[in-house]
Amino acid sequence: MTILIIGLGTIGTTYAYLFKKSGYEVEHYIRKDSPKSSIREVQVNLLDGRRSKQGEESQDTYEIKKQSAKSYDFIFISVPSGGIEQVIEMLNEEGIFGTLVLACGIWEDRSYLDRLMQGRDYILAYPVAGGNMVDNRLSCCVFDHFMLEKEGNTTIPNYQDLVQLFTDCQIHLEQPYNMLEWIWLHMGINAGVISVMGKQRDKGETTAVSAERLMTSSRYLKEAVQTIRETAKITETRGVRLGHYRSELLVYQLPTFISVPLMKRLFAKNRLTRQIMVLHSNLDDLFFVCDSFYDYGKTNQIVAPAFYEAYEQALKKR
């Protein structure tokens, strides 16, 4: 199988590295005017959770191979939120085809996606990985699973090839009731956390310091739980039946005197989760998630005072 990765971002490059290590042909589409167009190899610092819950550290060099064909088995798209339209436009202009794996945060509905894809085969996914890319150095961590749309909810002809790809990478697939709804809900959880992080962030402080403070503070975690409850309600107003996602929401629905200690323990014990929180530093992407929920909630007059106040404060400090 051949795989094209759009760009040279954190998520795409992390999975590209894993795909290539598993024996697959991997190439990257990088715009000629991109500041990353001259990068020939990436230094990878990986915290690998595929075999160990605490992660195994490794260092390696990943050689970048640029796009050389017009047809691929899969085109892996993980771009900052709001960037999918430009990617589809580029693929059409360049005449590049293949099954699209949309591993992005998506706030639009299915009809919008169908119109945007213009008949292309596509499947919804969500990465369970994170990190950052500075120049040609990738610092990343990856879990042992990956979120993927159910086969019955998509019409792509090569679904089992995709299953095999992740199996060969020692990553098992988790398939929620409805992938698009799950993405909305996960974005809502992120929006709750990000807004509280931004509210308590000191001027000039890195996101890593803000994340560390949040993960160790009962006060801020309690506030995060309250905002997540509200962003979940915003998601629900889009017709999502939250009962289908009990496992994702359980910890936030418990009384805070139970949920907050559970979250503190998770962050203290789970190195992978803590590392993703610390490494994620793309402010544009982080704030896009909050913007989506804030604008939708305000426009539709949804009651979410804790979330609105936290995000407004975060915007002032940004």
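Predicted model: local features only at pLDDT ≥ 70, side-chain atom pairs only at ≥ 80, totals over all residues.

Modeller: Residues are numbered from 1 along each chain as its sequence is written, and side-chain values use heavy atoms, with hydrogens and water left out.

Biologist: Why is T231 called buried?

Modeller: Buried means under 20% relative accessible area, with exposed over 50% and partly exposed in between (1.4 Å probe, protein chains only). T231 has a relative accessible area of 0%, and is therefore buried. T231 belongs to helix α7, residues 218–236; a helix is a DSSP run of H or I with at least four residues, and a strand a run of E with at least two, numbered from the N terminus.

Biologist: What lies 3.0 Å from a polar atom of the side chain of T231?

Modeller: That is the backbone oxygen of I228. A polar contact is a pair of N or O atoms within 3.5 Å; within protein, one must be able to donate a hydrogen and the other to accept it, and residues adjacent in sequence count only if both atoms are side-chain atoms.

Biologist: Which residues is T231 in contact with, leaving aside its neighbours within four places in sequence?

Modeller: Contact means heavy atoms within 4.5 Å. On that basis T231 is in contact with G188, I189, A191, G192, F293 and F307.

Biologist: What makes a set of residues a nonpolar core?

Modeller: The members are buried Ala, Val, Leu, Ile, Met, Phe, Trp, Tyr and Cys residues, joined through side-chain atoms within 4.5 Å. The largest such core has 75 residues, and I6, I77 and L91 have the most contacts inside it. Its largest share, 13 residues, comes from α5. A second, separate core of 39 residues includes Y24, Y62, A125 and L148.

Biologist: How many cavities of 30 Å³ or more does the structure hold?

Modeller: There are two. A cavity is a set of points on a 1 Å grid over the protein atoms alone where a 1.4 Å probe fits but cannot get out; lining residues have an atom within 4 Å of a point.

Definitions and conventions. 1 Å grid on protein atoms, 1.4 Å probe; cavity = no way out; pocket = protein on both sides within 12 Å on 5 of 7 lines; lining within 4 Å. Points joined across faces, edges and corners; volume = space filled by probe spheres on them.
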